[in-house]
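Reader: Please pick one part of this model and go through it closely. After that, tell me how the chains it belongs with are put together.

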Amino acid sequence: MLLETRALTANYGQFRALFGLDISVAAGECVAIIGANGAGKSTLMRSITGVIRNEAAMVLHRGEPIGALSSAEIMKRGIAMVPEGRRLFASLSVEENLVIGGQARKAPGPWSLEAVYDLFPILRERRKNPGTALSGGQQQMVAIGRALMSNPELLLCDEISLGLAPVVIRDIYAALPKVRESGAAMVLVEQDIGKALAVADRVYCMMEGRVTLVAKTADVTREEIHSAYFGVAA
Amino acid sequence: MYRLTTRTRAGTATEIAVIVLVVAGLALPAVTSRGVIQDLFFILTMLTLAQIWNLLAGYGGLVSVGQQAFVGIGAYAMFAGVILLGWNPVAAILLGGLAALALAVPTAFFAFRLQGAYFAIGTWVIAEVTRLLIAQWKALGGGTGTSLPREATSNIMGTDAIRTLFGVREAAARDILAYWLALALVVAVTGCIYWLLRSRLGLALAAVRDNVDAAQAVGVDVRRLKWAVFLIAAAATGLTGALIFVQTARISPEAAFAVTDWTAYVIFIVVIGGIGTIEGPIVGVLVFFALRSALADYGSWYLMTLGLAAIAVMLFAPKGLWGLISARSGLHLFPVRRRLAGPKIEGGH
Amino acid sequence: MIWLDTLVQGMLLGGLYALFAAGLSLVFGIMRLVNLAHGDLIVFAAYLVLMGVTLLGLSPWVAALIAMPVMFMLGWLLQAAVLNRVLGKDILPPLLVTFGLSVALQNGLLEAFSADSRRIPAGALEGASLDLGLVTVGVMPLMTFASAICAIVALNGLFYHTALGRAFRATSDDAVTAGLMGIEPKRVFAIATGIAMVVVTLAALYLGMRANFDPSIGPARLIYAFEAVIIGGLGSLWGTLAGGIIIGVAQTAGAAVNPEWQILAGHIAFLAVMLLKPRGLFPRAVD
């Protein structure tokens with residue numbers, strides 16, 4: 001297994017946000033994680049990427065415990081993150097934002113500055129602009145490109161459609177198949193269920209810090225999703 | 001039936017203990033030597049300065065590195081009152097408080113425009129400017145300083161009574177008077193801070209310390225609160241400064257505006273004892289004095305130890321020695337936290 | 001032409017202050033750390049260079065070159081072992097730790113080298129001057145100014161045109177996201193402080209060659225340096241140079257009127273700028 005969580009828990013002070021999650025992602029697989037606001041999706045992402053530190057054995061990468069590592073160490077193992085809210089570096093230009101994504105981990109692979117510009121041509125035109133001078137959709141493209149620059153084995157995307165216009169979301173999702181073709185496994189954390197299911201192989205549905213449904217997207221029914229998402233039968 | 005209270009059994013015990021200690025402290029000159037009285041004067045004045053800085057930084061979030069400005073201006077105003085106006089030194093102490101208050105207004109106006117670290121440096125610069133300006137004041141000795149005139153120190157109000165009461169010489173009587181004033185000042189300052197923290201103002205201060213924006217949102221006037229704390233602290237620091245230099249009877253810009261004596265030591269006392277508590281400075285000043293006595297013969301080693309001790313405390317016990325004691329024992333001698341008092345609530349967890 | 005002379009001498013003095021301030025500005029800009037021991041670290045480095053000159057018989061320049069990696073390591077260690085542990089939202093802990101370091105360092109130096117004034121011998125350069133027609137300038141102040149410009153150009157180059165500089169800026173913007181990019185913020189901070197200490201060594205070389213120094217003069221240098229940084233605006237190295245020049249010119253002009261007013265005039269110039277522009281002359285857009 002490329003990535004696994006085993007009985008993963010997370011707390012914010014007294015408040016427990018995750019209750020023993022078991023999630024797995026195989027190499028090359030695309031997994032969607034859906035759930036309403038407050039279900040614990042972002043906490044899960046923060047735990048996997050070491051923003052929140054855990055017990056080592058709670059997160060495994062190719063069978064090795066990585067739960068206690070720092071964000072930087074986890075990233076260097078080939079797990080790249082597109083953080084919620086894009087989080088571009090304000091004092092870096094678009095190009096520098098992209099370059100910094102690949103500067104700590106030099107892995108061979110299909111992604112380079114040119115490849116990212118080919119994926120999102122608009123960024124080539126705006127490469128000298130400060131990252132934060134772009135529109136929300138363009139910023140999201142930079143954030144995705146930045147994560148790809150390290151040629152990751154696993155790309156984690158946290159709410160990439162949040163706050164964007166439907167047209168823009170469509171453009172961004174149109175790029176994802178090309179990302180998958182390059183061989184990277186993906187985790188899509190989404191509130192937009194339809195978009196996520198269209199791309200993913202498997203889906204996890206979360207509610208109140210627990211997994212309420214695991215299924216192959218090809219087999220799952222609307223009703224199953226609804227009851228897992230809202231906790232009641234549709 | 002239910003009411004909010006800050007009263008605890010330990011708090012009441014402390015109040016009684018303080019009264020006993022103060023009475024004993026007043027009578028102490030009858031049985032101890034002049035050296036002990038001078039040491040106690042030093043401890044009490046440093047404790048006063050530490051409590052004030054703790055109010056500023058620990059409760060008010062105003063990390064000033066320029067408190068020596070108020071010590072110095074207070075001391076110089078007292079000297080001006082005695083030398084230029086012919087006042088009695090004890091009365092001139094009040095002038096010291098007023099002068100510090102007057103200096104605090106432009107200082108606050110300037111320094112409150114600066115945030116965080118800028119504020120600290122800004123207060124330091126103002127202290128330097130004040131020192132350099134005072135050094136130009138030729139009537140009070142300019143850069144070299146001056147002494148209180150003999151005729152002023154020999155007839156300070158009350159010293160004659162002390163001389164007959166304890167049968168001591170004039171210089172010793174002056175020390176005893178200064179010591180009593182220091183005792184009164186430390187009790188007044190600590191009492192005021194204690195009262196302040198238990199009042200609505202204290203609640204507002206705690207809110208500001210935790211989250212400025214949230215405090216503002218619930219209607220705390222942060223600006224006014226900071227002004228109030230800064231002005232009160234400045235006036236009290238000025239009084240303390242004036243009193244310290246009544247006892248030494250000699251002044252110079254270097255001594256009166258010494259960043260080491262009036263700010264570095266004070267910060268170390270608060271940090272080592274425990275910032276943000278009233279008990280902390282008390283513990284801190286005792287440790288400070290013990291270190292000073294133990295290392296008195298080793299000159300600069302002593303200050304080096306003090307600096308390193310402060311670093312160690314910040315690294316390993318950020319809440320200071322009192323924080324360690326309090327965490328182990330749950331003891332709060334000066335409780336300022338509000339608790340709900342009343343019959344036990346049934347059915348809760 | 002006295003005013004022109006005053007202006008030129010003041011600008012050259014400003015170069016020295018900018019050199020004091022450049023390392024401070026770098027650290028301040030990257031991690032919002034207020035290092036109150038900065039002035040004492042300059043004095044410490046000056047003694048290190050002096051020891052190279054007196055004990056090993058080196059020329060001051062070679063001694064400084066050797067002191068630089070030593071100071072880099074010390075800075076790196078200071079940051080990694082101490083300052084990284086107290087960095088956070090609350091500015092008080094790092095302020096208090098560096099204040100403790102300042103006092104400890106001053107008194108450690110006092111114990112090791114006594115309170116006597118010392119000077120790094122600069123040979124023929126001492127007192128040498130150049131006649132530029134309208135004004136005569138000292139060779140040493142001129143070299144100081146040139147070194148300040150070189151240091152700022154080098155630091156800016158590092159900051160804006162290298163991978164390390166990118167990591168500095170990214171970490172300064174958002175340390176958590178920088179971590180997601182494989183950058184260890186704590187490592188970046190340690191390197192930044194190490195680099196600041198290299199600049200400190202350069203500043204110490206000129207401090208020690210131009211005038212006498214003793215263990216107690218650190219805090220005053222810290223204040224000048226801070227004034228230069230704050231006048232210039234957070235994170236702008238050229239702003240720091242401008243700040244240094246303003247302090248230097250104000251001090252020289254003050255001294256021209258009355259020698260006792262030299263230091264006072266510098267502080268008053270700082271207060272005046274702060275009243276008009278509380279965020280400095282060239283504040284960074286983002287912050």
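**The open sheet of chain A**

Author: In chain A, 6 strands make up an open sheet with mixed pairing, in the order 6-7-8-3-9-10. Strands (E, at least two residues) and helices (H or I, at least four) are DSSP runs, numbered from the N terminus, and two strands count as paired if DSSP finds at least two bridges between them. Strand 6 (79–82) and strand 10 (210–216) of chain A are the edges; each has a single partner strand, so one side of each has no neighbour in the sheet. On average, neighbouring strands of this sheet are turned by 15° against each other, direction ignored. Axes here are lines fitted to C-alpha atoms, for helices over the stretch in contact, and angles between N-to-C directions run from 0 to 180 degrees.

The model is predicted: local features need pLDDT of at least 70 and side-chain atom pairs count only at pLDDT 80 or more, while totals for chains, interfaces and linings use all residues. Residues are numbered from 1 along each chain as its sequence is written, and chains are lettered from A and ligands numbered from 1 in the order in which they are written.

Strand 6 of chain A pairs with strand 7 (residues 154–158) of chain A in the parallel sense, over 4 bridges, and Ala80(A) stands opposite Leu155(A) of strand 7. Strand 7 of chain A also runs parallel to strand 8 of chain A, joined to it by 5 bridges; here Leu156(A) faces Val187(A) in strand 8. Strand 3 of chain A is parallel to strand 8 as well, again with 5 bridges, and Ala32(A) has Leu188(A) of strand 8 as its bridge partner.

Strand 8 of chain A is mostly covered, with 6 of its 6 residues buried. Buried means that 20 or more other C-beta atoms lie within 10 Å of the residue's own; 12 or fewer is exposed, in between is partly exposed, and C-beta atoms are placed from the backbone. In a regular strand, side chains alternate between the two faces of the sheet. Ala185(A), Val187(A) and Val189(A) point one way from strand 8 of chain A, while Met186(A), Leu188(A) and Glu190(A) point the other, and all are buried.

Helix 1 (residues 41–48) of chain A lies across strand 3 (30–35), strand 7, strand 8 (185–190) and strand 9 (202–207) of chain A, and runs at about 145° to strand 7.

Next come the chain contacts. Two residues are in contact if their C-beta atoms, placed from the backbone, lie within 7 Å. Between chain A and chain C, 22 residues of chain A and 15 residues of chain C take part. Helix 2 (71–76) and helix 3 (94–101) of chain A each supply at least two residues of the chain A side. That side has 11 nonpolar, 7 polar and 4 charged residues; Ala, Val, Leu, Ile, Met, Phe, Trp, Tyr, Cys and Pro count as nonpolar, Asp, Glu, Lys and Arg as charged, and the others, Gly among them, as polar.

Chain B also touches chain C, with 33 residues from chain B and 34 residues from chain C. On the chain B side, helix 5 (116–134), helix 13 (259–273) and helix 15 (300–316) each supply at least two residues, and the side divides into 26 nonpolar, 5 polar and 2 charged.
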